[in-house]
Amino acid sequence: MWTDGRHEWRALSGRSGISVAAGSGHYVHVDRPDLAIKAIQRVTAQATRRW
């Protein structure tokens, strides 16, 4: 069920991806803040890039 849901969400955008945060539970930002920060930086860089 979870896998199907993730793939449905991913299909909504041509610029999306699926990541697995190893070593974390439901609250990735608490368990793996390093991964959360990298993801936010990646999205911010994409959003501010001039095309």
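Biologist: How many salt bridges does the structure hold?

Modeller: Happy to start there, keeping in mind that this is a predicted model. Side chains of opposite charge can pair when their charged atoms come close. In this structure, the count of salt bridges is one.

Biologist: Which side chains meet in that salt bridge, and at what N to O distance?

Modeller: A salt bridge here needs a side-chain nitrogen of Lys or Arg within 4 Å of a carboxyl oxygen of Asp or Glu. Asp34 and Arg32 meet that way, with N to O at 2.8 Å.

Biologist: Are Asp34 and Arg32 buried, partly exposed or exposed?

Modeller: Buried means under 20% relative accessible area and exposed means over 50%. Asp34 has a relative accessible area of 35%, and Arg32 has 24%. Both values fall in between, so Asp34 and Arg32 are partly exposed.

Biologist: What pattern does the protein follow along the sequence?

Modeller: The protein has three helices and zero strands. Reading along the sequence therefore gives helix after helix, under the DSSP assignment. Written out, the pattern is α-α-α.

Biologist: Is the protein compact or spread out, going by its radius of gyration?

Modeller: Good one to ask of a helical chain with zero strands. For 51 residues the globule rule gives 10 Å, and the radius of gyration is 13 Å, well over that, so the protein is more spread out than a compact globule. Along its principal axes, the C-alpha trace spans about 35 × 25 × 10 Å.  The radius of gyration to remember is 13 Å.

Biologist: What percentage of the residues is buried?

Modeller: A residue counts as buried when its relative accessible area is under 20%. Pro33, in helix H3, is at 38% and so counts as partly exposed. Arg10, in helix H1, is partly exposed too, at 39%. Among the 51 residues in the protein, the buried share is 4%.

Biologist: How far is Pro33 from Trp2, C-alpha to C-alpha?

Modeller: Pro33 has its place in helix H3. Along the chain, Pro33 and Trp2 are 31 residues apart.

Biologist: Which elements give two or more residues to the lining of the largest pocket?

Modeller: The largest pocket holds about 450 Å³ of space and is lined by 17 residues, with Arg6, Gly17, Ile18, Ser19 and Arg42 nearest its centre. By class, the lining has six nonpolar, seven polar and four charged residues. The elements giving two or more residues to the lining are helix H1 (2–10) and helix H3 (33–48).

Biologist: Where in the protein is confidence lowest?

Modeller: Overall, the protein averages a pLDDT of 87, and 98% of the residues score at least 70. Helix H2 (residues 28–31) has the highest confidence, with a mean of 96. The lowest, at a mean of 81, is in H1.

Conventions
Residues numbered from 1 in each chain as written. Predicted model: local features only at pLDDT ≥ 70, side-chain atom pairs only at ≥ 80, totals over all residues. Heavy atoms only, no water. 1 Å grid on protein atoms, 1.4 Å probe; cavity = no way out; pocket = protein on both sides within 12 Å on 5 of 7 lines; lining within 4 Å. Points joined across faces, edges and corners; volume = space filled by probe spheres on them. Helix = DSSP H or I, 4+ residues; strand = E, 2+ residues; numbered from the N terminus. Nonpolar A, V, L, I, M, F, W, Y, C, P; charged D, E, K, R; others polar. pLDDT = per-residue confidence, 0-100. Buried < 20%, exposed > 50% of the residue type's maximum accessible area, 1.4 Å probe, protein only. Rg over C-alpha atoms; globule rule 2.2 N^0.38 Å.
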